[in-house]
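Trainee: I have this one open on my screen. Can you walk me through a few features?

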Amino acid sequence: MKVYEALAEAFVNEGASDVFGMMGDANMHWMNALHDRGVKLYEVRHEGSGLGMADGWARTAGRPGVVTTTSGPGTAQLATSMIVAARARTPLVAFCGETPVGDESAVQYLDQRRFAAAIECGFVHVSRPELAEEAVQRAFYLARTESRPIMLSAPIDVQVMEYEEAGPYVPSTELIDTARLLPDPGRVEQAAAIVQAAKRIVVIAGRGARSSESGEELLSFQRRTGALLATTLQAKNWLCDATEFHVGISGLYGNKVAMELLQEADCVIAVGASLNHYTTEHGLLFPDATYVQIDTAQNVVMGNGRAAECYVRADARTALAELNQALEQRSLQVEGFHTDDVRRRLADALAEPSGYETEPGRLDPREAIRVLDAALPREIGLVLGSGHQTDFGTMLFQRSREVLSNYGMFGAIGQAPLLTIGSIVADGGRPAFVVEGDASFLMHLSEFETACRYGIPVLVVVMNDEGLGAEFHKAKAKGLDPQLAVIPNPDLGPVAIALGGAGATVRTAGELRDALAEFVRDPRPTVVDVRITRNVLSVPYRRLQYGEDV
């Protein structure tokens, strides 16, 4: 057996079923060995795009994604997507070929260890044949336990050497204790005492709460305590169909009514949420609150610079179950926020505006989002990108569905369509849609052809203002020339068709509904180019750029 075969076999034993990347001299032997072992290979048009897809795959599958590149320039293309994955705390392994050991004169030589450190990922080196399996095991172990990307760098001369099997491969999963983390009983009693003393409680649920499947326990706690339920951006719309007292996202993306109500809280229960400065508005949202935080990390400093008064280190579902039991023993039942007045205010906040901005040949982006939310069944998941246009969807999508947001992950535009493709593959080919800007989509236009080549049913909704929307509005606010951020582009519907998919360019709500109905009827790679007006500024930008209270 060759080293590259042992490496491929180890990846299969670690659960690698789908691999994204580009073939080159330094990874082609390994890719062939994977193919021989039944692994699905997705050849992309850019290595960084492949990593973005592996990132989306991992976020959906809940286990490490895999990307591959050749040596030097192939590895260097990973930079932006790798930092995005690192900031998102995505577990993945990048198998990167490397030039022969010690040959710094090779055309494709790159100090890949130093490069990995610069792009915020871990590094494991296959330095000798006998260390091949150990290197794979360590890479996956680190990815899983540290929840981060790991570069596995394999010199091509080592890959083609002979490998002597040392025994059955032990996957990294057998080295990791996956038992739920149980809370300290004293901390549960402390939390129960804080809750009992409170009158206006807010629960903020984050990605950790959702991944631990703590929904039923969380709703039970909410009903008992009269709490409002808010989420972080990463848990957007979770449980919004299960309670009338769901206020949406806590922080900059919350509506005015939500912000007013959250400021009344005297107690905040954070469940699997880091409570960063975005979520707490640097502490301004909860000026008088006492904090209880439930998380699996050793401790978390919140966005207001404080630590919670009570920190319960535990799995979210287990901690909530024990907290509910403690509150039941205390016979606690509080009305709190659960009043007719609060119910009415929350319902009114979600109502459509009295009118939309009208401009010939262009849609109001708020209307476009409401059409999307109504026309696409909840079974079709959503991915949100970055940029000004994303703000509309981040605030206005109301239907309960799976939502993956890339906002705040390094602020890199262009990643969302890649994440969506990987997510669909991980989800067994279930259709999903992504809302992205025109500049963002065009950055990786070639990967739409990848989706077409593999028949991946992705719907790309391009909120097209023909420019860099964020910079256009920032320039106006700063007294600069906004026209410098205007970049005309062709109708993207026909471009999508030329690349092998379906597409439409729409300028009215009716045309948008027709295009969406076609995708629902026949899910296949589709681009809907929605021409939107630049005359509407999103609520977050109105707050940030002009200080408006909206």
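**Helix packing, salt bridges and a surface patch**

Mentor: Start with helices α3 and α5, which are roughly parallel to each other; that label covers angles under 35 degrees, with over 145 roughly antiparallel, 65 to 115 roughly perpendicular and the rest oblique. This is a predicted model, so local features need pLDDT of at least 70 and side-chain atom pairs pLDDT 80 or more, while totals for chains, interfaces and linings use all residues. Residues are numbered from 1 along each chain as its sequence is written, and side-chain values use heavy atoms, with hydrogens and water left out.

Trainee: What angle and axis distance do α3 and α5 have?

Mentor: About 20 degrees, with the axes 7 Å apart; α3 spans residues 47-61 and α5 residues 79-87. Axes are lines fitted to C-alpha atoms, for helices over the stretch in contact, and angles run from 0 to 180 degrees between N-to-C directions. Helices (H or I, at least four residues) and strands (E, at least two) are DSSP runs, numbered from the N terminus.

Trainee: New topic. How many salt bridges does the structure hold?

Mentor: 34. A salt bridge here is a side-chain nitrogen of Lys or Arg within 4 Å of a carboxyl oxygen of Asp or Glu. One of them joins Arg200 to Glu264, with the closest N and O atoms 2.5 Å apart.

Trainee: Which parts does that pair tie together?

Mentor: Arg200 is in the loop between α9 and β7 (201-205), and Glu264 is in the loop between α12 (256-262) and β10 (267-271), so the bridge ties parts 64 residues apart in sequence.

Trainee: What about Glu244 and Arg343, how far apart are the closest N and O atoms?

Mentor: 3.0 Å, in another salt bridge. Glu244 sits in the loop between β8 (228-231) and β9 (246-249), and Arg343 in helix α15 (residues 340-349), 99 residues apart.

Trainee: Is Glu244 buried or exposed?

Mentor: Exposed, at 52% relative accessible area, whereas Arg343 is partly exposed at 27%. Buried means under 20%, exposed over 50%, and partly exposed in between (1.4 Å probe, protein chains only).

Trainee: Last one. Which residues form the nonpolar patch on the surface?

Mentor: Tyr141, Val170 and Leu175, with about 230 Å² of accessible area together. Areas come from the Shrake-Rupley method with a 1.4 Å probe; for residues, only the protein chains shown count as cover. Patch residues have over 30% relative accessible area and no salt bridge; like charges are joined within 9 Å, nonpolar side chains (Val, Leu, Ile, Met, Phe, Trp, Tyr) within 5 Å.

Trainee: Where is Leu175?

Mentor: In the loop between α8 (156-159) and α9 (185-197). Leu175 is partly exposed, at 46%.
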